[in-house]
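Have a look at the sequence and the structure first.

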Amino acid sequence: MRSLLWLAVVGLAVAEDGLAAWLRYARVPSASRHLGKLPSAVVTLNATKGYPVHTAGQELVDGIGGLFGKKLTVAKSKPKGTTATVGTVSAYVDKNPSAAKGLPDLVEDGFYLKISKGNVLILGQNERGALYGAFHYLSVIAQGNVSDFTLTSNPDAPVRWVNQWDNMQDGGTHGSVERGYGGDSIFFWDGHIREDLTRAGQYARLLASIGINAVVANNVNANASILTPENMDGLARIADVFRPYGVQLGLSLNFAAPQLLGGLDTFDPLDETVVNWWQGIADNLYKRIPDMAGYLVKANSEGQPGPMTYNRTLADGANLFARTLQPHGGIIIFRAFVYDHRSLNQTLDWKADRANAAVNYFDGLDDKFEDNVVIQIKYGPIDFQVREPVSPLFTHLRRTGATVELQITQEYLGQQAHVVYLAPMWKELLDFDLRVDSKPSTLKSIVSGKRFGQKLTGYAGVVNVGTNTTWLGSHLAMSNLYAYGKLAWDPEQTSTGILKEWTTLTFGHDKLVHDVITKISMESWPAYEDYSGNLGIQTLTDILLGHYGPNPGSQDGNPWGQWTRADDDTIGMDRTVWNGTGFAGQYPPEIAAMYENIETTPDNLLLWFHHVPYTQKLKSGKTVIQHFYDAHYKGSATAQTFVTLWEKLKGRIDKERYEHVLFRLIYQAGHSLVWRDSVNQFYFNKSGIPDELGRVGNHKYRIEAEEMELKGYKSYRVSPFEAASGYHCVVTETNSTVGTATTKLKVPSGKYDLAVNYYDMALGNSTWELFVDRKLVGKWKGDLEYELGRAPSPYIDGQTAARKTFRGVRVKKGSELKVVGRPDGLEPAPIDYISVLPEGTVD
Ligand code: GCV
């Protein structure tokens with residue numbers, strides 16, 4: 001059995017399909033040089049199979065075996081030679097009472113490491129801490145640092161949770177995993193808990209290695225049926241595969257479950273029958289899972305039921321659960337994401353503002369919550385946008401602890417089809433000083449509990465991994481999960497430092513690999529912000545559909561409240577106190593004053609706080625509109641460089657991951673141009689103000705498909721108009737007949753890059769062929785819905801717009817260029833335009 005496990009570890013490293021993520025334990029360079037500085041045996045103190053200290057022993061054996069090819073033995077007591085001793089502080093002190101004095105103070109989950117001449121001592125404050133220590137030691141040596149050191153490491157905050165938004169069933173809210181782009185749920189299928197929970201166990205292992213201590217497995221838009229006795233048994237099986245890694249299970253609840261599942265005629269939190277029903281649920285869950293972490297509840301938000309249905313407060317709702325959990329030691333995390341998406345009206349009320357909701361709803365409740373209640377607050381007041389100010393609610397809760405909710409799944413940030421390294425954004429948020437009572441009050445000091453002294457505080461990360469072997473659907477996106485865990489443990493770590501560690505563990509030690517991944521990653525968030533939404537206007541995506549492609553017009557005119565208030569002359573939300581929604585006034589005075597005044601509001605949040613003319617001058621001296629145009633050109637130009645940078649790594653990393661990443665970067669480069677042109681076209685059309693550099697609306701290399709000679713294709717007006725160059729594309733005349741679009745090229749003879757912009761809808765797999773003078777240049781299929789996990793769309797729009805480029809194609813003046821489109825299913829092989837680009841030009 002051991003040798004099978006051994007092969008499994010080595011096998012994972014060889015397959016490089018992403019499953020092993022940063023725990024590949026791939027051989028370090030010059031491994032044999034270090035053998036003498038490594039332990040020869042592992043001693044686990046008081047280890048019980050299925051618990052973290054035992055796991056730590058296994059990981060040390062597998063890790064040192066994989067990294068250095070050194071086979072360790074596991075011993076119960078001290079053998080001869082160098083040893084790695086791992087256990088809890090108390091188990092160690094029991095055996096060596098005299099050692100107690102020399103040991104540092106550890107908080108819950110903390111660990112102590114002492115490495116000296118091949119002897120390794122790993123002690124945890126608890127079993128979980130011991131496992132964290134073992135993972136830390138393995139990470140250090142995997143990075144090639146096999147030298148003596150001593151380290152005491154304590155987490156910055158006790159709550160370091162992951163929220164999965166997994167539905168019980170495929171076809172639930174947004175498929176199997178809501179806003180998940182890495183395949184189906186690893187936990188649930190067909191209304192039940194999966195029989196095979198292997199992936200759930202592997203997930204717990206990854207999470208433990210970055211210090212995550214609990215996972216809420218089901219969607220916050222919760223299905224009450226998770227609480228049937230059969231499903232509770234299934235949940236206990238999930239807890240069983242988590243337990244060896246010290247990861248506790250948490251559960252999202254549906255507030256109306258007493259009625260939906262329990263058959264009561266009410267779910268009023270103050271009704272005695274309701275209270276008793278929930279107590280029964282808690283007792284039944286804890287009978288099966290004595291170490292369950294607790295609950296997560298989304299109430300009175302986006303159609304979810306909650307206490308306000310009965311005119312009760314959010315505190316009444318949270319306390320209902322808190323009291324039922326108290327006998328079992330569980331905690332309840334209650335989300336602050338409470339708002340009314342039905343009646344906000346932007347036309348009737350200038351002061352209406354979704355951003356105001358959280359503070360308004362929680363106002364006056366700070367001292368009303370039970371001690372085991374934590375309030376989970378999204379980093380910004382709206383919803384995971386590319387840039388938001390820190391939510392002011394963090395400054396209003398001084399007695400009740402808060403967690404900051406970050407989103408690893410890139411819902412509004414490219415859905416893992418665009419690379420966006422998020423640590424720099426999170427760092428900016430965590431370092432932001434909210435100046436409560438005019439004293440230093442960084443967000444990180446609030447969520448560590450240091451600023452206000454609460455005990456239960458920390459981090460929640462929405463991490464929608466799925467059955468895809470890459471977990472998130474993209475190898476590079478995994479740096480976000482790694483960074484989340486690392487920052488939740490220690491927010492002082494740097495974005496580049498974390499990235500360096502992750503890159504070594506994931507891709508090895510090659511300097512060029514590091515340089516390329518660092519450059520791409522560190523430029524990725526600024527680039528995405530540049531081409532998706534500038535100056536605090538939010539990610540200008542389609543907010544009514546998949547939250548993916550560009551659709552600035554969708555932000556306004558609906559009650560979702562993600563408004564831009566753009567008209568022909570002006571744009572931005574006036575959130576000032578003197579003239580606007582009053583949101584700025586929710587911050588402590590120093591910050592409120594900064595945002596109230598247009599002069600002191602940073603440019604990157606200007607349109608979040610102020611409604612201004614497009615001609616408003618920024619601090620940079622540019623106008624708002626020219627900034628929009630320039631930023632969209634700049635960001636999309638940066639995205640093109642990601643492809644050429646990555647191509648330098650050919651042969652330097654395994655083919656499997658090289659190709660996987662390359663495919664996505666090429667796609668991103670094309671889609672960034674879709675973003676650029678859609679957003680620029682939209683605001684040019686609205687404002688009528690031309691681009692000073694004459695780029696917007698002028699595409700000299702472009703041949704519009706609707707202007708080509710069409711046979712079997714017809715012109716189609718796209719909606720929203722800006723999602724097509726010239727507002728039109730072509731579609732086949734029927735769903736079963738072929739279309740051709742032909743033109744004679746007027747360019748001088750030479751080599752060109754030919755780029756075809758087309759639409760890949762999730763309705764079929766059309767085929768396109770590109771010919772020059774009847775010679776096939778290339779052929780492709782409209783199957784991105786299988787290749788990319790991003791939200792599928794049945795429409796011809798900014799979500800489905802894509803580009804296929806053929807580089808270095810020889811053409812003559814007068815050559816015939818032809819595209820043949822074969823529709824499939826309901827997808828009519830749509831084409832927007834073809835660019836004939838002198839080599840190296842992008843447009
Ligand atoms: C789980 C946004 C997302 C929803 C999500 C919600 C939430 O609105 O689009 O998919 O629902 O946030 O955080 O509850």
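A residue is near a molecule when one of its heavy atoms lies within 4 Å of that molecule. Keep in mind that this is a predicted model, where local features need pLDDT of at least 70, side-chain atom pairs count only at pLDDT 80 or more, and totals for chains, interfaces and linings use all residues. Residues are numbered from 1 along each chain as its sequence is written, and side-chain values use heavy atoms, with hydrogens and water left out.

**Around the ligand**

Which residues come nearest to the ligand? Out of the 14 residues around the ligand, they are Glu178, Lys298, Arg335, Lys378 and Glu411. Sorted by class, this shell has 8 charged, 3 polar and 3 nonpolar residues. Here Asp, Glu, Lys and Arg count as charged; Ala, Val, Leu, Ile, Met, Phe, Trp, Tyr, Cys and Pro as nonpolar; and the others, Gly among them, as polar.

| Residue | Polar side-chain atom to ligand oxygen |
|---|---|
| Arg179 | 2.8 Å |
| Asn221 | 3.3 Å |
| Asp383 | 3.0 Å |

On its own, the ligand has 340 Å² of accessible area, and the protein covers 97% of that. (Accessible areas come from the Shrake-Rupley method with a 1.4 Å probe; for residues, only the protein chains shown count as cover.)

**Salt bridges**

Side chains of opposite charge can pair when their charged atoms come close. A salt bridge is a side-chain nitrogen of Lys or Arg within 4 Å of a carboxyl oxygen of Asp or Glu. How many does the structure hold? There are 45 salt bridges.

Lys511 is exposed at 59% relative accessible area, while Asp515 is partly exposed at 38%. As for the naming, helices (H or I, at least four residues) and strands (E, at least two) are DSSP runs, numbered from the N terminus.

Glu769 and Lys779 pair up too, with their closest N and O atoms 4.0 Å apart. Glu769 is in strand β25 (residues 767–772) and Lys779 in strand β26 (residues 775–781), so this pair ties together parts that are 10 residues apart in sequence. Glu769 is buried at 12% relative accessibility, but Lys779 is exposed at 53%.

**A threonine in a loop**

Thr601 belongs to the loop between α16 (589–596) and α17 (606–609). Is Thr601 buried or exposed? With 0% relative accessibility, Thr601 counts as buried. Its side chain makes a polar contact with the side chain of His610 (2.9 Å), and a polar atom of that Thr601 side chain also lies 2.8 Å from the backbone oxygen of Asn597.

Note on methods:
Buried means under 20% relative accessible area, exposed over 50%, partly exposed in between (1.4 Å probe, protein chains only). A polar contact is a pair of N or O atoms within 3.5 Å; within protein, one must be able to donate a hydrogen and the other to accept it, and residues adjacent in sequence count only if both atoms are side-chain atoms.
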